[in-house]
Amino acid sequence: METISIVCIVIAVICLILIWFISIYNRFQANIIRINEVEADIDNVLRKRFDLLNKSIAIIKKNLPEEEPLKIIEELHSKKMSNFELDRALYQAINEFDIYKDQIKDGELKKIDLVLTETEADLIAYRKYYNDVTTDYNKLRHLFPSNIVAALCGYKNRNYYDNKNLTSKDNLKL
């Protein structure tokens, strides 16, 4: 009778540990899903901005034929890069676009500028949400006892979306 009690207690403890592990694991998975969703949203906004800037090249060339506008956009066609890198490159292109926008009084260019401004607002909101979710994930990864699950599953820290140069050693640390 005593061995049955001990076996039942051991099974109950194992079940409790398993339930705890599964609940922590599911919290990690929920954060990872949220991060992936917002990364896809950021990617869509960046693609929209890229397409708008690409579209503006033809308008600028039509109005200023001697110019070679937005060379950076043409260079980006062949590069593979992360959303972080693409965002920084697009900001450079938008700064150049602003120079041409002031020189050319074209209605289509003004529409592109308006949509670029709207996408900037979207991008700011997505960046904030991404950083909030990343903060939740990184906290979960570092707090006890969920750090045990993180270590067992091999979860690593996530970088924040902060528009800094990610190749700098200072920016790779959390």
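Student: What makes the charged end of Arg49 count as sitting over the ring of Tyr91?

Tutor: In this predicted model, the charged end of Arg49 is 5.4 Å from the centre of the Tyr91 ring. The cut-off for the distance is within 6 Å, with a further condition of within 35 degrees of the ring normal. The value of 5.4 Å meets the distance limit, and Arg49 is listed as sitting over the ring.

Student: Which ring does Arg158 lie over?

Tutor: Arg158 lies over the face of Tyr137, at 5.5 Å from the ring centre. That value is also within 6 Å.

Student: Why are Phe28 and Tyr137 called an edge-to-face pair?

Tutor: By the pairing rule, the count comes to 5 aromatic pairs. For Phe28 and Tyr137, the values are 5.8 Å centre to centre and 80° between the planes. A pair needs centres within 6.5 Å, and planes over 60 degrees apart count as edge-to-face. Both conditions hold, so the pair is edge-to-face.

Student: What makes this pair a tie between parts of the chain?

Tutor: Phe28 lies in helix H1 and Tyr137 in helix H4, so the pair ties together parts that are 109 residues apart in sequence. Both Phe28 and Tyr137 are buried. Ring pairs also link Phe28 and Tyr137 with Tyr155 into a cluster.

Student: How do you know that Tyr130 and Tyr161 are edge-to-face?

Tutor: Their centres are 6.0 Å apart, with 80° between the planes. The distance is within 6.5 Å and the angle is over 60 degrees, so the term applies. Tyr130 is in helix H4 and Tyr161 in the loop between H5 and helix H6 (169–172), 31 residues apart. Tyr130 and Tyr161 are both buried.

Student: Why is Val10 called partly exposed?

Tutor: Its relative accessible area is 44%. Buried means under 20% and exposed over 50%, so a value in between is called partly exposed. Val10 is in helix H1 (residues 2–63). Together with Ile6 and Ile14, Val10 forms a nonpolar patch on the surface, with about 270 Å² of accessible area.

Student: How do you know that the buried residues of H5 line one face?

Tutor: Ser146, Val149 and Ala150 are buried in H5. Seen down the helix axis, the buried residues of H5 fall within an arc of 100°, so they line one face. Ala151 and Leu152, on the other side of H5, are exposed.

Student: What makes the peptide bond from Phe144 to Pro145 cis?

Tutor: Its omega is near 5°. Most peptide bonds are trans. Pro145 is in the loop between helix H4 (107–142) and helix H5 (146–153).

Definitions and conventions:
Residues numbered from 1 in each chain as written. Predicted model: local features only at pLDDT ≥ 70, side-chain atom pairs only at ≥ 80, totals over all residues. Heavy atoms only, no water. Helix = DSSP H or I, 4+ residues; strand = E, 2+ residues; numbered from the N terminus. Patch = residues over 30% accessible without salt bridge, like charges linked within 9 Å, V, L, I, M, F, W, Y side chains within 5 Å. Areas by Shrake-Rupley, 256 points an atom, 1.4 Å probe, with all protein chains shown as cover. Salt bridge = Lys/Arg side-chain N within 4 Å of Asp/Glu carboxyl O. Buried < 20%, exposed > 50% of the residue type's maximum accessible area, 1.4 Å probe, protein only. Phe/Tyr/Trp six-rings, centres within 6.5 Å; stacked < 30°, edge-to-face > 60°. Arc of directions from axis to C-beta.
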